[in-house]
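Subject: Structure for your review

Dear colleague,

Please find below the structure that I am handing over to you. I would be grateful if you could read the notes after it with the model open.

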Amino acid sequence: MPDVGDGAPRSPAATPGAPLSRGGALRRRLGNLAVWAAAGTALLLVASMAGLLPLQLMRVDSGSMIPTIASGDLLVVRHGHGPVQRGDVVAVHHPLEDGLLVKRAVAVGGDQVGLEDGVLVVNGEPVCEPAIDPALMDGVWFGPVTVPEDALFLLSDNRDGSIDSRAFGPVPTDGLVGSVVGRAWPHPGALPSPSAGC
């Protein structure tokens, strides 16, 4: 028995095989665009985390740079941005095992560096470091040592018990991944200046 309708005309969108209305076509295009945008964003994130782009996202999994950088922070590392300056936070290949490290470059090639009762001394001059808790550094002595050319002397901001150049020595600049230019998450923005508060 055939269907008995109510006599109302059918809309073209409701008829199988009929073309979509203008609004339906727009929704479909926007949906496709959203899928492509999400896929593109995912690809960019993967490429960035793998270090294939000029900017690399890097998650920190230790507290060695507290208070400047906390465990779980997502950092932005810029590759090949020129010579490293004293005070820059850098990412390097770990000299003793697989993986990457984030540390502060406190001395560069040719510098003499040491710690005197917890105070960083570079080329005979004490360095103002407001991020360092002096209470944790009382009684710490190291060096002085001379940093070879084309090398960096790296220290943690949380120096009490952290592994850094005091343990593995200066790091050749060819082990440099890049300079940390900021934090992407959870508090986006530039890292504080190493001399802020001096």
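This is a predicted model: local features need pLDDT of at least 70, side-chain atom pairs count only at pLDDT 80 or more; totals for chains, interfaces and linings use all residues.

The average pLDDT of the protein is 82, and 77% of the residues reach a score of at least 70. Residues 1-9 fall below 50 in pLDDT, and this stretch makes zero contacts in the model beyond near neighbours in sequence.

Turning to the sheet, four strands are arranged in the order β7-β6-β5-β8, forming an open sheet with antiparallel pairing. The edges are taken by β7 and β8; each has a single partner strand, so one side of each is left without a neighbour in the sheet. Strand β5, which spans residues 112-116, is joined to β8 by three bridges, and the two strands run antiparallel. Within this pairing, Leu115 has Phe142 in β8 as its bridge partner.

Phe142 also takes part in an aromatic contact. The structure holds one aromatic pair, made up of Phe142 and Phe153: the ring centres are 5.7 Å apart and the planes meet at 40 degrees, so the pair is classed as tilted. Phe142 belongs to strand β8 (residues 142-146) and Phe153 to strand β9 (residues 151-155), so the pair ties together parts that are eleven residues apart in sequence. The two residues can also be described by their accessibility. Phe142 is partly exposed, with a relative accessibility of 21%, whereas Phe153 is buried at 2%.

Asp157 is found in the loop between β9 and α2 (165-168). Its relative accessible area is 3%, and because buried means under 20%, Asp157 counts as buried. The side chain of Asp157 forms a polar contact of 2.5 Å with that of Thr68. Leaving aside residues up to four places away in sequence, Asp157 touches Ser64, Met65, Ile66, Thr68, Arg104, Ala131 and Ile132.

Pro134 is located in the loop that runs between β7 (125-126) and β8. In contrast to the buried Asp157, Pro134 is exposed, with a relative accessibility of 57%. From C-alpha to C-alpha, Pro134 and Arg159 lie 9.8 Å apart in space, while 25 residues separate them in sequence.

Yours sincerely,

A colleague

Technical notes
Residues are numbered from 1 along each chain as its sequence is written. Side-chain values use heavy atoms; hydrogens and water are left out. Rings of Phe, Tyr and Trp (its six-membered ring) pair if their centres lie within 6.5 Å; planes under 30 degrees apart count as stacked, over 60 as edge-to-face and the rest as tilted. Buried means under 20% relative accessible area, exposed over 50%, partly exposed in between (1.4 Å probe, protein chains only). Two strands pair if DSSP finds at least two bridges between them. pLDDT is the predictor's confidence in each residue, from 0 to 100. Contact means heavy atoms within 4.5 Å. A polar contact is a pair of N or O atoms within 3.5 Å; within protein, one must be able to donate a hydrogen and the other to accept it, and residues adjacent in sequence count only if both atoms are side-chain atoms.
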